[in-house]
Amino acid sequence: MNTLVTGGSGLVGCTIESEFKPTSKELNLLNYEAIHSYLADNKIDSIIHCAAKVGGVKENKENPADFFYENSMMTMNLIEAARVFEVKKIVCLLSTCIFPHEADYPLTVEQIHNGEPHPSNYGYGFAKRMTEINARAYREQYGMNIVTVVPCNIYGPNDNFNMNSGHVIPGLIHKCYKALEEKTDFEIWGTGKPYREFLYSSDAGNIAQWALENYNEPEPLIVSPDEEINIAVLAQQIAWQMGFKGNIVFNQELDGMFRKPSDNSKFKSLLPNYEFVTIENGLTRTIAWFIDNYDKGNIRL
């Protein structure tokens with residue numbers, strides 16, 4: 001199969017093997033005609049859609065319109081172009097940000113549209129939620145085989161390590177690195193009290209590839225390990241692994257949802273023996289990659 005991996009140089013896309021992994025400069029997903037031409041020129045017959053405008057809680061709060069517009073338009077352009085060229089299968093990666101901020105735990109697919117996403121990232125959350133609607137509508141009207149996968153927070157090598165716009169783990173790693181370098185406190189946004197589930201990037205890529213080959217159901221597939229970790233504990237683990245022995249300071253200003261435990265029971269029924277990379281091993285690999293590439297100027301900031 002000629003599989004297009006959007007976001008092919010990004011966090012998840014870089015873990016998936018394919019001949020067709022254009023960068024955003026090579027394929028602008030906000031430009032329908034560009035997608036139209038790429039699918040035709042390369043005879044694309046399947047797509048794993050990993051590309052997204054992503055960021056941490058601070059950037060999401062400050063730029064909700066940008067997150068909503070860009071993520072919505074990328075997906076709508078891609079799916080419509082795929083319809084025109086009769087692409088056989090599409091896997092779209094969503095996010096647990098799609099769930100209502102007042103949902104019952106664990107988060108289940110039945111609750112996706114039961115209320116608004118958390119105010120801290122509602123632009124991104126609604127855009128990713130509309131991907132599920134987009135997939136459902138095109139499946140119903142045109143018979144397209146579009147499936148959606150809902151991973152928890154993804155992290156790993158090749159992440160966005162910008163301290164203002166990156167997600168929690170890459171942001172914390174960079175902040176800790178700077179605190180070590182500058183001999184300052186290790187400052188963390190928020191109270192440190194929320195809990196999150198984390199999925200290592202290669203696991204997300206493996207599961208997206210598996211879904212392309214095996215999963216054909218309309219119901220979104222939630223993917224997460226059976227583990228939540230407190231942000232304060234996460235920061236302490238990063239500090240320990242990086243050899244930081246100074247003060248860890250919480251600024252008490254920015255917190256997203258307190259918890260987002262998700263219902264992974266369907267995933268476990270389909271792949272009961274899947275072994276996720278542990279948070280300890282994933283942090284070790286990510287920190288090593290960051291330090292090695294920071295000096296080479298290869299870090300996305």
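**Reading salt bridges, cysteines, cores and cavities**

Author: Start with Arg136, which is partly exposed at a relative accessible area of 41%. This value, like the others here, is computed from a predicted model.

Reader: Which side chain does Arg136 meet in a salt bridge?

Author: First, the general idea: side chains of opposite charge can pair when their charged atoms come close. In this structure, Arg136 forms a salt bridge with Glu132, and the N to O distance is 2.9 Å. Glu132 is buried, with 7% relative accessible area.

Reader: How are Glu132 and Arg136 placed in helix α4?

Author: They are four residues apart in α4, which spans residues 122-142, so about one helical turn separates them.

Reader: How many salt bridges are there in total?

Author: The count comes to seven. Another one joins Glu181 and Lys178, at 3.4 Å from N to O. Both of these residues lie in helix α5 (residues 168-182), three residues apart, which is about one turn of the helix. Glu181 is partly exposed, at 46% relative accessible area.

Reader: Which salt bridge links distant parts of the chain?

Author: Glu217 and Lys266 meet in a salt bridge with an N to O distance of 2.4 Å. The two residues are 49 residues apart: Glu217 sits in the loop between α6 (201-214) and β9 (221-223), and Lys266 in helix α8 (residues 265-270). Glu217 is partly exposed at 33% relative accessibility, and Lys266 is partly exposed at 21%. Glu219 also takes part, as Glu217, Glu219 and Lys266 are linked in a network of salt bridges.

Reader: Which residues touch the most other members of the largest nonpolar core?

Author: A core is read as buried nonpolar residues joined through their side-chain atoms. Here the largest has 26 residues, and Ile169, Ile173, Phe186, Phe198, Leu234, Ile238 and Ile279 touch the most other members. At least two residues of this core come from each of α5, β6 (186-188), β8 (198-200), α7 (231-242) and α9 (279-294). Leaving aside residues up to four places away in sequence, Phe186 touches several residues, among them Leu172, Ala235, Phe244 and Val249. There is also a second, separate core of 24 residues, including Leu11, Leu93, Ile154 and Leu199.

Reader: How many cavities of 30 Å³ or more does the search find?

Author: The general idea is that rolling a probe the size of a water molecule over the atoms shows where empty space is left. Three cavities of 30 Å³ or more are found in this structure.

Note on methods:
Residues numbered from 1 in each chain as written. Predicted model: local features only at pLDDT ≥ 70, side-chain atom pairs only at ≥ 80, totals over all residues. Heavy atoms only, no water. Salt bridge = Lys/Arg side-chain N within 4 Å of Asp/Glu carboxyl O. Buried < 20%, exposed > 50% of the residue type's maximum accessible area, 1.4 Å probe, protein only. Core = buried A, V, L, I, M, F, W, Y, C linked by side-chain atoms within 4.5 Å. Contact = heavy atoms within 4.5 Å. 1 Å grid on protein atoms, 1.4 Å probe; cavity = no way out; pocket = protein on both sides within 12 Å on 5 of 7 lines; lining within 4 Å. Points joined across faces, edges and corners; volume = space filled by probe spheres on them.
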